[in-house]
Amino acid sequence: MERTFALAARGRGRVEPNPMVGCVLVRGSEIVGEGYHRRFGGPHAEVEAIRAAGPAARGATAYVTLEPCCHHGKTPPCTDALLAAGIKRLVAAMRDPFEKVRGRGLAILRRAGVRVNVGLCEQQALRLNGPYIKRQKLGLPWVILKWAQSIDGKIATRTGDSKWISGERSRRWAHQLRGRVDAIVVGVGTVVADDPLLTRRHGRPRRVATRIVLDPRLRTPRRSQLVQTARSVPTIIVTSNAVTRTRKQPFTQAGIEVLGVRTRRNGLDLRALLVELARRGMTNVLVEGGGRTLGTFYDAGLADEAVVFVSRRLIGGAASPCALGGWGPSEMKHVPWPVDVRLTRCGQDDVYQILLAPTPAI
């Protein structure tokens, strides 16, 4: 089962909005075939493993990270492929929460005489496919907050200079992250101050993220890189419903989608935005800043994960901005503990991967 997780993770950034799935076929103590879901619309993991095993699949046990599908989608049902191959036993880490499967795949196999076991390494499976599960259960994408900071928590100097807090290796990591998400979100303040391009600049991206600017009063500079490159990279400006069509026109003519959402006391309705992004098939959304935007997502309880690149330098200064703006809790007893924290050394920096919220129950 551990091997199935390693295989499944190879599909990260390529299979969404589908889940990451790995499959290993075993006869006795020998692995006779393995596979994983390589890309959206391509063969599923079970089919890949069966093809690799050939005739040796008959009588084998199939280990899978997720319940096999039992419906016709982009590909035929995996339950049919498993039965045709003569699989005698299936060990699945978890059930699939998708409404067209949700236990039906396991039931079909059991009725056909296949021995079925569910739940081996389930927590690991939930962590692997947390974004998929959240979208299925809650109708929301997985939200990742990302920033670079000094060891004393500053994301820029008092003059706003932030190039570069983190080292080259950390910046490559950050660009890899950009290359596997569906959308990258920034506030208009970041666009005005930094004029970012918000694309992956190292290696070939697994998917091209839609660039999203939170801009309630539609003050994105028309000569910014985002506007100038909007015809080659999908770009959305999210603004207030009250903004007139006349003010939107220069941006729409540049190839930008201007999306109006309702506003609340503290700004745009971010939850409504996330619901719309999930409806469009987006599974992973990366929020890059600035501090006010990061803090607003955190305050609203909309963040699932944080990736923090920490330089070992001290910046200091009362006027130097910190990573999480917004309101923040009033008392320490209201500050939640993270679900999980993973620390990795990356060049001269430390990278914290922080799981802020548990995967929704299936």
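Me: Which residues make the nonpolar surface patch of about 260 Å²?

Reply: Please bear in mind that this is a predicted model. The patch is made by Val 341, Leu 343 and Tyr 352. Leu 343 belongs to strand S15.

Me: Is Leu 343 buried or exposed?

Reply: The relative accessible area decides the class, and exposed means over 50%. Leu 343 has 53% and is therefore exposed.

Me: How should I read the sheet that contains S15, and what is its strand order?

Reply: The order here is S10-S9-S8-S7-S13-S6-S14-S16-S15, an open sheet of nine strands with mixed pairing. Strand S10 (257–261) and strand S15 (340–346) are at the edges; each has a single partner strand, so one side of each lacks a neighbour in the sheet. On average, neighbouring strands are turned by 20 degrees against each other, direction ignored.

Me: How many bridges join strand S6 to strand S14, and do the two run parallel or antiparallel?

Reply: Six bridges join S6 (residues 142–149) to S14 (residues 305–311), and the strands run parallel.

Me: Which strands does helix H11 lie across?

Reply: Helix H11 (residues 270–279) lies across S6, strand S8 (210–214), strand S9 (235–240), S10 and strand S13 (284–289). The helix runs at about 165 degrees to S8.

Me: What is the strand order of the open sheet of five strands?

Reply: The order is S2-S1-S3-S4-S5, again with mixed pairing. Strand S2 (30–36) and strand S5 (115–118) are the edge strands, each pairing on one side only. From one strand to the next, the twist averages 15 degrees. Within this sheet, strand S1 (residues 22–27) and strand S3 (residues 61–64) run antiparallel and are joined by four bridges. Val 24 stands opposite Tyr 63 in S3. Helix H2 (residues 45–53) lies across S1, S2 and S3, at about 140 degrees to S2.

Me: How many salt bridges does the count come to, and what do Arg 38 and Glu 48 tie together?

Reply: Side chains of opposite charge can pair when their charged atoms come close. The count here comes to 18 salt bridges. In one of them, the side chains of Arg 38 and Glu 48 meet at 3.5 Å, N to O. Arg 38 lies in the loop between S2 and H2, and Glu 48 in helix H2, so the pair ties together parts that are 10 residues apart in sequence. Arg 38 counts as partly exposed at 43% relative accessibility, whereas Glu 48 counts as buried at 19%.

Me: Which residue forms a salt bridge with Arg 279?

Reply: The partner is Glu 276, with the closest N and O atoms 2.7 Å apart. Both residues lie in helix H11, three residues apart, about one turn of the helix. Arg 279 is exposed, with a relative accessible area of 61%, while Glu 276 counts as buried at 18%. Through shared partners, salt bridges join Glu 257, Glu 276, Arg 279 and Arg 280 into one network.

Me: Is Asp 269 buried or exposed, and which residue does its side chain meet in a salt bridge?

Reply: Asp 269 counts as buried, at 3% relative accessibility. Its side chain meets that of Arg 264 in a salt bridge of 3.0 Å, N to O.

Key. Residues are numbered from 1 along each chain as its sequence is written. This is a predicted model: local features need pLDDT of at least 70, side-chain atom pairs count only at pLDDT 80 or more; totals for chains, interfaces and linings use all residues. Side-chain values use heavy atoms; hydrogens and water are left out. Two strands pair if DSSP finds at least two bridges between them. Axes are lines fitted to C-alpha atoms, for helices over the stretch in contact, and angles run from 0 to 180 degrees between N-to-C directions. Contact means heavy atoms within 4.5 Å. Patches are made of residues with over 30% relative accessible area and no salt bridge: like charges are joined within 9 Å, nonpolar side chains (Val, Leu, Ile, Met, Phe, Trp, Tyr) within 5 Å. Accessible areas come from the Shrake-Rupley method with a 1.4 Å probe; for residues, only the protein chains shown count as cover. A salt bridge is a side-chain nitrogen of Lys or Arg within 4 Å of a carboxyl oxygen of Asp or Glu. Buried means under 20% relative accessible area, exposed over 50%, partly exposed in between (1.4 Å probe, protein chains only).
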